[in-house]
Amino acid sequence: MAKSNDGVRILQGLLVLGNVVIGMCGIALTAECIFFVSDPHGLYPLLEATENDDIYAAAWIGIFVGFALFALSILGIVGVIKSSRTLLLVYIILMLITYAFEMASCITAATHQDFLTPNLFLKQMLERYQKSETENNNDKWMTEGVTKTWNKLMLQNQCCGVRGPSDWQEYTSAFRATHNDADFPWPRNCCVMDAQGSPVNLDGCKLGVPGYYNSNGCYDAISGPMNTHAWGVAWFGFAILCWTFCVLLGTMFYWSRIEY
Amino acid sequence: MGASPFPLRCRLTGSSVVVISRALTPQARALHPHSPFQRLGSGFQRGSSRGGWDQRVTREVQPAPLPAGSALLPYVPRVPPAALPGKLTATTFALERPCCVFDGHANASDTVWLVVAFANASAAFRNPPSQASVPLYEQLPTAHSYMTLETAAAAYACLAPSPAFLRVGGDTACGGQGSRDPCNGPLPSPGPYRVKFLVMGCHGPKAETRWSDPILLRTAGSPSTIDPAPVRCGSDVVVIASILASLGAVLAAVVLGAAGAAAWGSLCRQGSGTSAFARSSYRTHHIPPALPQPLPPGCTCSPPGLGCFVPRPPGPCPAE
């Protein structure tokens, strides 16, 4: 009958459109997650030293899920146009598996975004920066990573400590064990440097005279990229899943209506 | 020109301290070595003739006050009020530079020392009578005070260009064994400390400032007291987890429901077929139309062209 034919055509059109959107979002998710995994800001050693780098695991899952979504969307389009029960059944089953993985990735990214507090990085910085006695190879690797990352951060972002240079004065640290307080109230990289990489005015830097030391904390420079990372994986994945839910329901309905 | 022709350091000759001066007559120098006229040497003004100098000497000789009774200046040393993060650390502190404070009380040959004492020992501190008995940095644990930052009085003059702060405790390279140089080494404990400035002339203190307020240095805490746990459970997590969990549950329910319905339906069709959920699917057969045949006997007449139909009971349809 003409009416149900129209209805079928509309449903087919909607499903094809839905799958096209899923395919494009899948590509975007893969690209975004590859960008995060490549660590353009060099902050991965800090996460690695917290021994909880699950937002990187979430990004890795995101890469493969994105690619799977793209491939499955093509399968879905072919299945809908051909009205093939077999193809659509395969599509539904694989899509459900991909759905489950993406759910895990989203929830992991959202949970671990909350884990990255200033106190976490402060404690890690005080305990690991320029630590001289390391217990084993793993400890040594993490300590070197933290030290290099902090040195780079303080130079590039003109910042000092997590909240400010007073972090180095309020707490004892591994740095304090090897550098005395009178000469190094805070690390040298907290000083304003000239073009050759030496402090402009060392006495001014030690006293904390404005203009000769970096007074900001580095927390913004750390949390900004990491929050973007976690936010991107969690919420973009969530949006894709909401859309995919609707398309999957429609596909299941369509599948059940296909005659033998 | 205010620059003095005298060398800036006093020279010690035996037990008496003599100001090396070309202007003093041998006669005046031979008078009392410890008499106040040598303090007047510091008040020497240029332009006066030798005769006038002798007159001034003879006119103003008088009994000396006690060496410890130096002039008390009203200046109070203090930690700079500006918000410098390094003004108080665990082993150092900064002081405002006392510009213009000593003008008129010290000449260029005098030195200004900083006395650092524990706050509870400051009342018991006695100004050292001479340069030789100045307590140094190494004596802090025993004498509970020391003197450091020996500087020429000219450095604190009004017009002298200088950095705005003095840093006490900033020299980590000094304090070697038995050295007699004044050492500005790091302070060993958080204090509290009190400081004052003392102008030392060639044979005794000449002027001093008041004691400062107690200065307490920083004590650093241990990083193990830092709690890295998140302050609050994020609302993001709750939203995402709950919505995703419900969507996943709906999908799972739909899939399970469809699978269950299909399995149930196939189970029922295999049964007797009289069940309420039985569902037959009809397969249509293409029945070719029968060709007209001569009527067999016993057929009822029917309209021509329709053939002869023998009424018979309908058979069961083929089960599927």
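Biologist: How many residues of chain A are in contact with chain B, and how many of chain B with chain A?

Modeller: This is a predicted model, and the contact totals use all residues. Contact here means heavy atoms within 4.5 Å. By that rule, chain B brings 44 residues to the contact and chain A brings 43.

Biologist: What area do chain A and chain B bury between them?

Modeller: Carbon and sulfur atoms carry 73% of the area buried between chain A and chain B. The total is about 3500 Å².

Biologist: How many salt bridges and how many polar contacts cross between chain A and chain B?

Modeller: A salt bridge needs a Lys or Arg side-chain nitrogen within 4 Å of an Asp or Glu carboxyl oxygen. Across the interface of chain A and chain B, the rule finds zero salt bridges. Residue pairs in polar contact, both at pLDDT 80 or more, number eleven.

Biologist: Now within chain A. What separates the centres of domain 1 and domain 2 of chain A?

Modeller: Domain 1 of chain A covers 1-116 + 227-257, and domain 2 covers 118-217. Their centres, taken over C-alpha atoms, are separated by 42 Å.

Biologist: Which residues in domain 1 of chain A lose the most area to domain 2 of chain A?

Modeller: The two domains of chain A bury about 1000 Å² between them, 68% of it on carbon and sulfur atoms. On the domain 1 side, three residues together account for 48% of what that side buries. They are A:L46, A:A49 and A:L116.

Biologist: Which helix gives the largest share of the side of domain 1 of chain A that touches domain 2 of chain A?

Modeller: Between these domains of chain A the count is zero salt bridges. Three residue pairs are in polar contact, both at pLDDT 80 or more. The largest share of the domain 1 side is four residues, from helix 2 (residues 44-49) of chain A.

Biologist: Which residue forms a disulfide with A:C159?

Modeller: The sulfur atoms of the pair are 2.0 Å apart. The link is right-handed, with 95 degrees about the S-S bond. A:C159 sits in the loop between helix 6 (137-157) and helix 7 of chain A. Its partner, 59 residues apart, lies in the loop between helix 9 and helix 10 of chain A: A:C218.

Key. Residues are numbered from 1 along each chain as its sequence is written. Chains are lettered from A and ligands numbered from 1 in the order in which they are written. This is a predicted model: local features need pLDDT of at least 70, side-chain atom pairs count only at pLDDT 80 or more; totals for chains, interfaces and linings use all residues. Side-chain values use heavy atoms; hydrogens and water are left out. Domain bounds come from an automatic or database domain assignment. Buried area is the accessible area (1.4 Å probe) that two parts lose on being put together, summed over both. A polar contact is a pair of N or O atoms within 3.5 Å; within protein, one must be able to donate a hydrogen and the other to accept it, and residues adjacent in sequence count only if both atoms are side-chain atoms. Helices (H or I, at least four residues) and strands (E, at least two) are DSSP runs, numbered from the N terminus. A disulfide is a pair of cysteine sulfur atoms within 2.5 Å.
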